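User: I'm new to this one and would like a walk through it. Could you take me through it step by step?

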Amino acid sequence: MYFQLEQSIYDLRYELESLEWNRKEIEKNLREAIEEYRIMEHDLDELEDEHDEAISQIEKLEAEVQKLV
């Protein structure tokens, strides 16, 4: 009886340690994913700004062409 209880405690400790390790890995992966999302969001903002600048430049050039025609 004592041996079974001891074995059950050992098994539960092992499972708890395993779950703790899994939780830490999941938290690490989540932090990395959040950081990657922030970087991608920043990059997208920059691309949108570049796109807006390009559209503005195209509109200016189109207006210049219309003046020449």
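Analyst: Let me begin with one contact, keeping in mind that this is a predicted model: R23 forms a salt bridge with E20, and the closest N and O atoms of the pair are 2.4 Å apart.

User: Where do R23 and E20 lie?

Analyst: Both R23 and E20 lie in helix α1, where they are three residues apart, about one turn of the helix.

User: What else does R23 form a salt bridge with?

Analyst: R23 forms a salt bridge with E27 as well, and there the closest N and O atoms are 2.6 Å apart. Because R23 and E27 are four residues apart in helix α1, about one helical turn separates them. E27, at 34% relative accessibility, counts as partly exposed. Taken together, E20, R23 and E27 are linked in a network of salt bridges.

User: And how many salt bridges does the structure hold?

Analyst: The structure holds three salt bridges. Besides the two made by R23, with E20 and with E27, there is one in which the side chains of K28 and E32 meet, at 3.4 Å from N to O. K28 and E32 both lie in helix α1, four residues apart, which is about one turn of the helix. K28 has a relative accessibility of 36% and so counts as partly exposed, while E32, at 43%, counts as partly exposed too.

User: Let's switch to the whole chain. What does its secondary structure come to?

Analyst: The secondary structure of the chain comes to one helix and zero strands. The radius of gyration of the chain is 30 Å, well over the 11 Å that the globule rule gives for 69 residues, and the chain is therefore more spread out than a compact globule. Along the principal axes, the C-alpha atoms fill a box of roughly 100 × 10 × 5 Å.

User: How far apart in space are V65 and M1?

Analyst: From C-alpha to C-alpha, V65 and M1 are 94 Å apart in space, and in sequence they are 64 residues apart. V65 lies in helix α1, and at 45% relative accessibility V65 counts as partly exposed.

User: What share of the chain do buried residues make up?

Analyst: Buried residues make up 0% of the 69 residues in the chain. The accessible surface of the chain comes to about 7,000 Å², and 59% of that surface belongs to carbon and sulfur atoms.

User: Now charges. How many positive and negative side chains does the chain have?

Analyst: The chain has 8 positive and 22 negative side chains, and the centres of these two sets lie 7 Å apart.

User: Which residues form the negative surface patch?

Analyst: That negative surface patch is formed by E41, D43, D45, E46, E48, D49, E50, D52 and E53. To take one of them, D52 is found in helix α1, which covers residues 2-68, and D52 counts as partly exposed because its relative accessibility is 49%.

How values were computed:
Residues are numbered from 1 along each chain as its sequence is written. This is a predicted model: local features need pLDDT of at least 70, side-chain atom pairs count only at pLDDT 80 or more; totals for chains, interfaces and linings use all residues. Side-chain values use heavy atoms; hydrogens and water are left out. Patches are made of residues with over 30% relative accessible area and no salt bridge: like charges are joined within 9 Å, nonpolar side chains (Val, Leu, Ile, Met, Phe, Trp, Tyr) within 5 Å. Accessible areas come from the Shrake-Rupley method with a 1.4 Å probe; for residues, only the protein chains shown count as cover. A salt bridge is a side-chain nitrogen of Lys or Arg within 4 Å of a carboxyl oxygen of Asp or Glu. Lys and Arg count as positive and Asp and Glu as negative; His and the chain ends are not counted. The place of a charge is taken as NZ of Lys, CZ of Arg, CG of Asp or CD of Glu. Helices (H or I, at least four residues) and strands (E, at least two) are DSSP runs, numbered from the N terminus. Buried means under 20% relative accessible area, exposed over 50%, partly exposed in between (1.4 Å probe, protein chains only). The radius of gyration is taken over C-alpha atoms; the globule rule is 2.2 Å times the number of residues to the power 0.38.
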